[in-house]
Amino acid sequence: MSYDEVEIEDMEWSEELQAFTYPCPCGDLFQITKEELRLGEEIARCPSCSLFITVVYNPEDFAADPISDPNSRNKTPAQPSPVAVA
């Protein structure tokens with residue numbers, strides 16, 4: 001059972017950690033990355049203790065962007081370049 005449920009809007013983005021964070025009672029921070037959210041993860045863990053929280057968010061807000069995600073299956077295949085034959 002999770003310690004609490006927290007809305008993603010109530011979490012803060014940490015450039016240093018590259019993760020959304022939320023204060024843990026132990027003094028550290030619960031953490032969850034954008035990639036974890038993109039993969040459907042909803043558990044943010046504290047690296048210093050055994051507590052974790054459930055993150056409430058809309059998965060569509062973190063869906064992969066086909067332009068910026070090189071692993072996206074929806075990208076357009078590259079067109080072959082014409083070759084001049086002499």
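Which strand is T54 found in?

A: T54 is found in strand 6. Strands here are DSSP runs of E, at least two residues long, and helices are runs of H or I, at least four long, both numbered from the N terminus. This is a predicted model, in which local features need pLDDT of at least 70 and side-chain atom pairs need 80 or more, while totals for chains, interfaces and linings use all residues. Residues count from 1 along each chain as its sequence is written, and side-chain values use heavy atoms, without hydrogens or water.

T54 counts as buried because its relative accessibility is 14%. Buried means under 20% relative accessible area, exposed over 50%, and partly exposed in between, with a 1.4 Å probe and protein chains only. Leaving aside neighbours within four places in sequence, T54 is in contact (heavy atoms within 4.5 Å) with S2, D4, E5, V6, E42 and I43.

Three of those partners, D4, E5 and E42, also belong to a surface patch of negative charge. A patch takes residues with over 30% relative accessible area and no salt bridge; like charges are joined within 9 Å, and nonpolar side chains (Val, Leu, Ile, Met, Phe, Trp, Tyr) within 5 Å. Asp and Glu count as negative, Lys and Arg as positive, and His and the chain ends are left out. Each charge is placed at CG of Asp, CD of Glu, NZ of Lys or CZ of Arg. D61 lies in the segment after strand 6, which spans 52-56. D61 counts as exposed because its relative accessibility is 56%.

Next, strand 5, residues 43-45, which holds R45. Beyond four places in sequence, R45 touches L29, F30, Q31, L51 and F52. Its C-alpha atom is 9.2 Å from that of C24, 21 residues away along the chain.

L29, F30 and Q31 lead on to T21: that residue touches them too, along with M11, E12 and S14, again skipping residues up to four places away. T21 sits in strand 3, residues 19-23. With a relative accessible area of 9%, T21 is buried.

Now the helix. R38 and E35 both lie in helix 1, residues 34-38, three residues apart, about one turn. Their side chains meet in a salt bridge, 2.8 Å from N to O. The term means a side-chain nitrogen of Lys or Arg within 4 Å of a carboxyl oxygen of Asp or Glu. A search of the whole structure finds one such bridge. R38 is partly exposed at 36%, and E35 is partly exposed at 41%.

K34 is in helix 1 as well, and partly exposed at 36%. K34 touches W13, F20 and F62, not counting residues up to four places away. K34 and W13 are 21 residues apart in sequence, with 9.7 Å between their C-alpha atoms.

Finally, the whole chain. One helix and six strands run in the order β-β-β-β-α-β-β from the N terminus. Of its 86 residues, 24% count as buried. Among contacts with a separation of 6 or more, 32% join residues 24 or more positions apart.

Key
Areas by Shrake-Rupley, 256 points an atom, 1.4 Å probe, with all protein chains shown as cover.
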